[in-house]
Amino acid sequence: MPKRVLKVGVIGGGGGAFIVNPHQKAIHFDGTRRVTCAALHQDPDIAMSEARKWAYPIKGYPSYDAMIEAQAKLPIGERIDYALIVTPNFVHFDPAIKLVQAGIPVFCEKPITVKASEAIELAAAVKKNKVPFGIAHTYLGHWSSWFARWIITSGKLGAVRWCDSYYLQGWLATRLESEGQMQASWRTDPKMAGASCCGGDIGTHAYMQLRFLTGLEVTYVRGMIETFLKGRQLDDHFTTYCRLSNGGRALIRATQIAIGNKNNMGIEVNCEKGSLIWKQEDSERITIRLPGEPDRDYWRGEVGGSDSFLGKIPGWVADEATIPSGHGEAFHDAFARLHREFEKDVRKYNAGRKFSCDGSKYANIQDGVKHMKFVEAAVKSAKNGSKNIRL
Ligand SMILES: NC(=O)c1ccc[n+]([C@@H]2O[C@H](COP(=O)([O-])OP(=O)(O)OC[C@H]3O[C@@H](n4cnc5c(N)ncnc54)[C@H](O)[C@@H]3O)[C@@H](O)[C@H]2O)c1
């Protein structure tokens, strides 16, 4: 029997918003999820008119409070199966905790809140209400991220010594916020973005990618947080030097003023026996470098069986060939993989079964608590002469 199509309610995303678009495409990738309702804007009239303009019929709500209240009264099967939150950072905590308290699973954008204390409160509510909660750390959804995680955490390259995890952009090299550009305006306002612009916006991705690929935690952080654009309220350049839970070291860095850089995100993981390179703008493959050997490129869709470095390759690695290699997956597929995995946990939750939500396929609420603590510690360190702060 075909699966019941899961219903998704969207919060935020009207009026020329950005990240709602890849999400809504990713929700529809498999035919097993669809957007059915939304509270698309902070202005009730715009929220309703934007819902009427949506590409296919959905039910509009004038506010997320109205949506949560109405949906919470419905039984599972009729109500939304999960909510997607794609509002600016300062509008994550309130809808998220209300949804969790109503027993509705949440897939929320990062950074999870504007303060670590809110993330901790939210995590407690998730634990108490036992609801699936996912965070949109997009890049975890690449096949190459899963593959790299398997290679590193299975010890094939030996212990991690040092990593360079970076996310370089150039779009805030001018004061776009002074022109009223929507995405720049709230990101550079501490009340709406949190303690850091660059660190919260993209430093969290570099941080999460490192933890996901290596399975290690950041235990100490030194921060250097800079603002190159005069008059800007928050940082546009975020650099940290970190100690890892195995004693290794890492540079976790991000910038938004490096002109020409689009979404130049990547990580180099240097281990005792070799190194691994992953790049988001070239995310169909990973490169392994072993001493005295030519570089090895492993391409999505071209990995299977066994080889002299990897040994036997587990089935799931080959099974993730969604389309033949050379027909590039990218950002949307990464989002789809996250929603696909989240769907599995939501279906188990609906059926009253145990679900995992363990952070191995998409980021969970504990990852959100950690990325918030990391950013706040980096900012605190920067204000105190870059002293080492324990996480
Ligand atoms: N995972 C990623 O790769 C990625 C990429 C970009 C943005 N993000 C995150 O996604 C979130 C949104 O970013 P964006 O660039 O799409 O922002 P945006 O400014 O383009 O869109 C925000 C949307 O939220 C709406 N909104 C604001 N307050 C609301 C309220 N009270 N009720 C309903 N809607 C409300 C706005 O009207 C707008 O439609 C941020 O947290 C950001 O950090 C993540």
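Predicted model: local features only at pLDDT ≥ 70, side-chain atom pairs only at ≥ 80, totals over all residues.
**Helix pairs**

| Helix pair | Axes come within | Crossing angle |
|---|---|---|
| α1 (residues 20-28) and α11 (residues 331-350) | 8 Å | roughly 60° |
| α6 (residues 143-153) and α9 (residues 198-214) | 7 Å | roughly 50° |

Start with α1 and α11. Their axes cross at roughly 60°, so the two helices are oblique to each other. The crossing of α1 past α11 is right-handed. On the α1 side, the contact uses P22, H23, K25, A26 and I27; on the α11 side, F331, H332, F335, A336 and H339. By type, these residues are 6 nonpolar, 3 polar and 1 charged.

Now take α6 and α9. They cross at roughly 50°, which makes α6 oblique to α9. S145, A148, R149 and I152 of α6 meet F212, L213 and T214 of α9.

Strands of a sheet pair through backbone hydrogen bonds, either parallel or antiparallel. In this model, 9 strands build an open, mixed sheet, ordered β14-β13-β12-β11-β7-β10-β9-β8-β17. β14 (296-299) and β17 (389-390) are the edge strands, each pairing on one side only. Helix α9 packs on this sheet and touches β7, β8, β9, β10, β11 and β12. The direction of α9 makes about 150° with that of β10.

Inside the sheet, β9 (residues 237-244) and β10 (residues 249-255) pair in the antiparallel sense over 7 bridges. F238 stands opposite A254 in β10. Helix α12 (residues 365-383) lies across β8, β9 and β17, at about 55° to β8.

Key:
Residues numbered from 1 in each chain as written. Axes fitted to C-alpha atoms, helices over the stretch in contact; angles between N-to-C directions. Helix = DSSP H or I, 4+ residues; strand = E, 2+ residues; numbered from the N terminus. Parallel < 35°, antiparallel > 145°, perpendicular 65-115°, else oblique. Left-handed = near helix turned anticlockwise from the far one by under 90°. Contact = placed C-beta atoms within 7 Å. Nonpolar A, V, L, I, M, F, W, Y, C, P; charged D, E, K, R; others polar. Pairing = 2+ DSSP bridges.
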